[in-house]
Amino acid sequence: KKDSDSHDFAPVATQLTGGADPCHVIVAPNGKYIVTANYSGGSISIIPFDASDRTFGEVTIMKFDGNGPIAHRQQSPHPHFISFTPDNSAMVVDDLGTDCLHIFPLGADGYPIMEDMYDVTLSPGAGPRHLIYDGRGENAYIINELSGTVTHLRYNQEDKTLVPIGDILADYYNAGGSADIHLSPDGRFLYVSNRLKGDGIMTFAVNENDGSLSSAGFTSTGKHPRNFAITPDGKWVLVACRDENVIEVFSRNAKDGSLSKTDHDITCPKPVCIIFPQ
């Protein structure tokens, strides 16, 4: 809650997720519940929320099973990100530990139908991290942290399914640290950040007909670009370089998607997330 006089924020309600190491939180499209991805707990927590009296309801925890081929990172499920399909018909959970997308159809009340969950399996050792959709709601793109690839999926709006189309390499160093993914506001270019080795931003051109990707360049950044953001007008890209305590500012060429370093970096201790208000 924001105090109108002091402009300070204060908590009005608190609820334990019941899951270990929550790493992502999202509000459902109907605004009636919140979902967290619990990375170490191998689960998601669904928490009802009443906006009128600002109270939480009883938490429902959904645990996942399975593992992947990379022993030190995929010994168990690791939900990393949650999204809702563009038509709000399903909830999608990216599971880095099992190389799966857990799909939950939504009922008429907007809540996930737990017993109808099904999986979309990606390439072994992929490690799906973050997922985005294009403006038409026809294509989705996942950055895979461990394999350093981007998976292109087609969203079938008739039968409400996500179908993998193919992968393209984003990390030529095989560092296992690909992190963030964003589309330019005009949808013509896709950007991915890589960490641990050869830190920087990979640029892909997006085919306007079928959404397929082709490599369009690479831009070096400071150490550990865990997150980055494109300004709403598409003119600038801000990169959170965690291990250099700086947010680097790049100008963006709208014609070819290329990025150019500016002299307007922002000093910031351990930056890990940048968001522009919509």
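A residue is buried when its relative accessible area is under 20%, exposed when it is over 50%, and partly exposed in between (1.4 Å probe, protein chains only). Strands are DSSP runs of E with at least two residues, numbered from the N terminus.

A word on the source comes next. This is a predicted model, in which local features need pLDDT of at least 70 and side-chain atom pairs count only at pLDDT 80 or more, while totals for chains, interfaces and linings use all residues. Residues are numbered from 1 along each chain as its sequence is written, and side-chain values use heavy atoms, with hydrogens and water left out.

Now look at the sheet around β6. Two strands pair if DSSP finds at least two bridges between them. The sheet is open and has four strands, in the order β6-β7-β8-β9. Their pairing is antiparallel. β6 (79-84) and β9 (118-121) are the edge strands, and each pairs on one side only. On average, neighbouring strands here are turned by 25° against each other, direction ignored. For such angles, axes are lines fitted to C-alpha atoms, and the angles run from 0 to 180 degrees between N-to-C directions.

Walk across this sheet strand by strand. β6 and β7 run antiparallel and are joined by five bridges. Phe 81 stands opposite Asp 94 in β7. The two strands form a hairpin with five residues between them. In that hairpin, Asn 88 takes a positive phi near 55°. Next, β7 (residues 90-95) meets β8 (residues 100-105) through six bridges, again antiparallel. There, Val 93 has His 102 in β8 as its bridge partner.

β16 (residues 200-206) pairs with β17 over seven bridges in the antiparallel sense. Phe 204 stands opposite Ser 215 in β17.

Turn to the aromatic rings. Rings of Phe, Tyr and Trp (its six-membered ring) pair if their centres lie within 6.5 Å; planes under 30 degrees apart count as stacked, over 60 as edge-to-face and the rest as tilted. The count comes to three aromatic pairs. One of them joins Tyr 33 and Tyr 111: their ring centres are 4.5 Å apart and their planes lie at 25°, so the pair is stacked. Tyr 33 sits in strand β2 (residues 33-38) and Tyr 111 in the loop between β8 and β9, so the pair ties together parts that are 78 residues apart in sequence. Tyr 33 is buried, at 0% relative accessible area. Tyr 111 is partly exposed, at 25%. Another pair is Phe 49 with Phe 56, which is tilted, with 5.1 Å centre to centre and 50° between the planes. Phe 49 is partly exposed at 25%, and Phe 56 is partly exposed at 27%.

What of the cysteines? A disulfide is a covalent bond between the sulfur atoms of two cysteines. Here the test is a pair of cysteine sulfur atoms within 2.5 Å. Searching the whole structure finds zero disulfides. For Cys 100, the closest cysteine sulfur is in Cys 23, 16 Å away, which is too far for a bond. Cys 100 is buried, with 10% relative accessibility. For Cys 273, the closest cysteine sulfur is 11 Å away in Cys 268, also too far for a bond. Cys 273 is exposed, at 52%.

Finish in the loop between β18 (225-230) and β19 (236-241), which holds Thr 231. Thr 231 is buried, with a relative accessible area of 10%. Its side chain makes a polar contact of 2.6 Å with the side chain of Asp 233. A polar contact is a pair of N or O atoms within 3.5 Å; within protein, one must be able to donate a hydrogen and the other to accept it, and residues adjacent in sequence count only if both atoms are side-chain atoms. Contact in general means heavy atoms within 4.5 Å. Neighbours within four places in sequence aside, Thr 231 is in contact with Pro 185, Trp 236, Leu 238 and Phe 276.
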